Amino acid sequence: MRTLTNSPLPTIRRPRRATLTIATTLAASIALAGCTAPAEPTTGHDHATTIEHVHAIVPDPAGDGYLIGAHDGIYTATLDGEIGDRVPNTDFDAMGLTAIGDTLIASGHPGRTTAPELGSPNLGIIQSDDSVRSWSPVSLTGEKDFHVLAAGPDNTLYGLASDSIELLRSDDTGQTWSPAGEVVAVSLAIDATGQLFAATPDGLQVSTDEGATFTTLNDAPLLYLLAASPDSKRLVGVGNGGQIWVRPAANAEWAPAGTTHGAAQAITITNDGDILVFDQSGLTALPR
């Protein structure tokens, strides 16, 4: 099996904001597919926020609360959805922020004050072991911009870079990568049984062979956001009309759990079933 390391890789170089990325284009197409009139948003209408755009929400390994990976850095948030300050020294575009135990993994693009050793124009994979206060380069430095990262209960990490539909897999916290298969997806999540779920324009798909092949789940909602709880037992997603969907356990049916205000940007769910979502009204905590 071919393994990817820090050796040069053929990549498609694009200006940072010149064109839409694969993930952005897919998210827009899925969100618009079969749109229906939105219901009154469960998340409300307006919460004060100065964050330009949010990519991911993860539990803070340092204690209670969350960390928000945004276009202009990483922010803290409380359990009840109050956004705090941006963490110092994190002015980079924090794509794919993912927790693997107490370790945080991210990708994206450097900011004006980002340490040069983290990479440019792409960060590749970077890692923090002190709740995002400091970061170190891990792999593909300067080469890859992972817009989608997802970790499983066995710490297996899957990633999709912005310039390819090739699904990559890592068994050593992102140090080395191997091709797993191909999937046109905007979001990934792994459940407690090791099934890999992908939000795609053709519907929610699942892989039971570590990403080698995917099968469409015809009885599942069409989702453009997808996330798993820290224990991987629950899945949450956002679909047409801003409908929030929850799958509370392995092989359980998806159930509605609220409605977003406009398009959602990021969502997460706790082990207890509480939901945190960032949409056009800002950040909202939805109790189970």
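A polar contact here is a pair of N or O atoms within 3.5 Å; within protein, one must be able to donate a hydrogen and the other to accept it, and residues adjacent in sequence count only if both atoms are side-chain atoms. Keep in mind that this is a predicted model, where local features need pLDDT of at least 70, side-chain atom pairs count only at pLDDT 80 or more, and totals for chains, interfaces and linings use all residues. Residues are numbered from 1 along each chain as its sequence is written, and side-chain values use heavy atoms, with hydrogens and water left out.

**View A. The side chain of Asp-191 and its polar contacts with Thr-193 and Arg-247.** The Asp-191 side chain meets the side chain of Arg-247 at 3.0 Å and that of Thr-193 at 2.7 Å.

**View B. Where Asp-191 sits: the loop between strand 13 (187–190) and strand 14 (196–200).** Strands (E, at least two residues) are DSSP runs, numbered from the N terminus. Leaving out residues up to four places away in sequence, Asp-191 touches Pro-153, Phe-197, Ser-232, Leu-235 and Arg-247; contact means heavy atoms within 4.5 Å.

**View C. An open sheet of four strands, order 1-2-3-4, with antiparallel pairing.** Strand 1 (54–59) and strand 4 (83–86) are the edges, each pairing on one side only. Two strands pair if DSSP finds at least two bridges between them.

**View D. Strand 1 alongside strand 2 (residues 66–70), running antiparallel.** Five bridges join the two, and Ala-56 has Gly-69 of strand 2 as its bridge partner.
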